[in-house]
Amino acid sequence: MKRQLIANKTLEYLIDNKLDINPMMFSIWYSYFLGENKNLISRIKSLRGSENGLTETSYHRLYESYILREHFRDSLGINEKTSQIIDRANELRERIHEFVENIQGHQAVIGDMSDSLSVAKTREAIQIILNEALSEMKTVEKESEKTTIWMKRNVQELDAVKKDVIDIEQNMNRDFLTGLPDRTYYEKELEAFLNNSMSGIISKKYFVVFDIEDLDHYNQQYSWLVGDSILRLVVKIIQTETEQNWEMMRLEEDELAVFTPNGFPVHKIPEYVERVRTLIEGKQVMLKNQQKSIKNITVNAAIIKVEVFDDLKTVQEKVKKGLKQIKDDPDLHVVQVDKL
């Protein structure tokens, strides 16, 4: 009943405000009035208060980022792929169980032959029993070889399916605007690193959090579309200056994280950060239909050290600490945080 009322309210709103009645517009405003998609609601409110307001371009962006992403995850096929893994794993388990039962059966037969040998009276009887035992052992060997080949083939198939699931999961945890993995993926990667640290594989790691200064101001002053252009420019420059084996993720609206690989010299990280900052500061974003551009875009950075005794909470506290130090000091643009 509630959803029917919201649907009616959505139609009335579209008609009253002379908006196109189409699936895209209906989906956006229906989700807005439903009140469950907080990110969509916040974005619409910000766009309403901006200079350009809600344009056709911004409607398409809202639909792509907040409607399609929410409602079409199943089309990525992760449920189907996960079912394949479960089916394959169960099949593998049953085959192993069957093989173990066969071995146990052969062991029982060979055991009986051993008892027969102990009471055999003639050379011919002993020869017959030994031949049967040899035949039984060859049967076990053949079944073992078949099972081993079957298991190897199916394990390879399982690995391939699991890789598909990982790829799909990363796509599900991807930021639509930048194409980067999002905060959910960042937390998973950080959790995996912390687990490796606890097992003694890695003892410390560094990563960089880039923060786009005044991005909220650009969003409010010009529009979210201008803010998005600045964000994409910053992402492109960071990607250009970052090695392919370095992981890059979007944490917040204005925060981007870059994980340096294990073993990368820590003294080279500030050089990398300054190179990125200098390149971004030299770029500009042109404003459409206006004879001006946004220049001197400033990107700040917190270099975070993660150690074996850290957890997700302490790491996030280090990030907050570093960004707060920068915010409190107008002349500070890069800070390294080793401890809380």
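Which residue is the bridge partner of V208 in β3? In this predicted model, the partner of V208 is V258. Residues are numbered from 1 along each chain as its sequence is written. Local features need pLDDT of at least 70, side-chain atom pairs count only at pLDDT 80 or more, and totals for chains, interfaces and linings use all residues; side-chain values use heavy atoms, with hydrogens and water left out.

Helices (H or I, at least four residues) and strands (E, at least two) are DSSP runs, numbered from the N terminus. Two strands pair if DSSP finds at least two bridges between them. Strand β3 covers residues 255–259. Five bridges connect β3 to strand β1 (residues 204–212), and the two run antiparallel. Strand β2 (residues 247–250) also pairs with β3 in the antiparallel sense, over four bridges. Here M249 has A257 as its bridge partner. A hairpin of four residues links β2 to β3.

Burial was assigned from relative accessible area: buried is under 20%, exposed over 50%, and partly exposed in between (1.4 Å probe, protein chains only). Five of the five residues of β3 are buried, so the strand is largely enclosed by the rest of the structure. Both of its faces are covered. E255, A257 and F259 lie on one side, L256 and V258 on the other.

Helix α2 spans residues 23–34. Nine of its twelve residues are buried, so α2 is largely enclosed by the rest of the structure. Among them are M24, W29 and F33. The expected span, 1.5 Å times one less than the number of residues, is 16 Å for α2, and its end C-alpha atoms are 16 Å apart, which agrees. Just after α2, G35 adopts a positive phi of about 85°.
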